[in-house]
Amino acid sequence: MFTRKEFLQRSALATAGFSLLEFMQPLEAAAFKEQLNRVSLLEPGAASEDEDFWNFIREQYTVSPNIINLNNGGVSPQPKPVQDAHIRFYQYCNEAPSYYMWRILDQGREPLRAKLAELAGCSVEEIAINRNTTEGLNTIIFGLNLKAGDEVVLSKYDYPNMMNAWKQREKRDGIKLNWVDFDLPVESDDVFVRKFSEAITDKTKIVHITHMLNWTGQLLPARKIADLAHKRGCEVIVDASHSFAHIDYKLSDLDCDYYATSLHKWLCAPFGTGFMYIKKEKIKNVWALLSAPVPDADNIGKFESIGTRSFAAEMAIGNAIDFQYLVGNKRKEDRLRFLKNYWCNKALKIPKFKLNTSLKDNYSCAIANFGIEGWKPEEVDTKLFEMKKIHCTTVNHEKIHGVRITPHVYTSLRDLDRLVEGIAEIAAMEPPAKK
Ligand SMILES: Cc1ncc(COP(=O)(O)O)c(C=O)c1O
């Protein structure tokens, strides 16, 4: 535990976020280091099946021992050290809010931006810290200079908040939306590239890509679509709500112009934290959504003029980044994919089970969506909770109807065995009579 003096020294001076290990009890930190040293020596990929290591990671969470949460795609829990940091920052803020928030904790803003930029793979001048993907992408969608007749290409499987923002611009400004449709799952980059290509015309200004679809976990070849869009003279927006801190990549790998994500999903940062990215030379093209002194400035800071928000939550993002590095970007991606494959491969042996997600590495990671013949998604969801206390969610959107399962790094194989057991028991039952 830090003394108040140490806390303030660190807040005022270092403020790049505390090292996570320092936030742990010494014994726990030593055990963590030992585990890390051990998994670092394993062959690439082998760490994803090292249950000792993942049990250790599981112990860092405070998840319910009785309810199995398989809807981490909605929002994810924070590991204990992130919760502790958040609570401690919060308590300091409450001692003298304007002093601790604006004079002490706020000194951590630039170091935090640098840490986020390093994790994301971009410059500190290109990142604005905000509350979530919706805020980031709505800022971009409403801030772009588009006029009547300009066209935007997007897909029927984008996230509703973004589709609605575009529809509002269509209604208000007379822009035209060209919708791409797919038959999911897609297991070919060429199919995606062709579909986007067919929707782009010489009036298209923007191509909107959801990197990983929330409905089924489908991963899109964002870079290939971005290259195509750039070649045709369009700018590219990426919704990375589900890919950031889930798949191991850097922003430079995507080469998009605009991007936003939520940090309360895969990074396990406090609820209501996110960031947006805009390529340096494009910042001046996007108007601030909320009042800023110079709304068309070429400074990313204009997007942080969002009024009073939780500094405690923001500062604890630094601790979530530390945790991400301890788990390891690639180790995490491999583990998440392994967990999805683990339960899906078992469930595929169950008669009447239908998987709506590809098992090919390039097209999915942790998220999968399934159905059981004769059963509505809601009926399966209810039964899984009644019988096994498994919490998940359902999807009924366009051509996708199914139950979505999203494990996270703390999910055990035993939890997933229970899921498969539940699916098998439901599939063997008589489906409820349909009206
Ligand atoms: C693809 C996608 N984009 C955006 C969002 C919105 O995230 P938030 O509610 O954190 O803004 C979600 C949420 O699930 C999502 O799945």
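## The largest pocket

Helix α11 contributes the most to the lining of the largest pocket, giving three residues, where helices are DSSP runs of H or I with at least four residues, numbered from the N terminus. This is a predicted model, in which local features need pLDDT of at least 70 and side-chain atom pairs count only at pLDDT 80 or more, while totals for chains, interfaces and linings use all residues. Residues are numbered from 1 along each chain as its sequence is written, and side-chain values use heavy atoms, with hydrogens and water left out.

The largest pocket holds about 340 Å³ of space, and of the 18 residues that line the pocket, His 211, Leu 219, Leu 220, Pro 221 and Asn 362 are the closest to its centre. The elements that give two or more residues to this lining are α11 (222-231), α12 (251-254) and α15 (329-347). By class, the lining of the largest pocket has eight nonpolar, two polar and eight charged residues; here Ala, Val, Leu, Ile, Met, Phe, Trp, Tyr, Cys and Pro count as nonpolar, Asp, Glu, Lys and Arg as charged, and the others, Gly among them, as polar.

A pocket is an open set of points on a 1 Å grid over the protein atoms alone, with protein on both sides within 12 Å along at least five of seven lines, whereas a cavity is a set of points where a 1.4 Å probe fits but cannot get out; lining residues have an atom within 4 Å of a point.

## Two domains

The chain is divided into domain 1 (105-321) and domain 2 (330-427), with bounds that come from an automatic or database domain assignment. Their C-alpha centres lie 28 Å apart, and the contact, meaning heavy atoms within 4.5 Å, takes 28 residues from domain 1 and 28 residues from domain 2. The lining of the largest pocket draws at least three residues from each of domain 1 and domain 2.

A search of the whole structure finds three cavities of 30 Å³ or more, and the largest cavity has a volume of about 100 Å³. This largest cavity is lined by 13 residues, and those nearest its centre are Leu 119, Ala 245, Ile 247, Tyr 249 and Asn 329. The lining of the largest cavity divides into seven nonpolar, four polar and two charged residues.

Note on methods:
Points joined across faces, edges and corners; volume = space filled by probe spheres on them.
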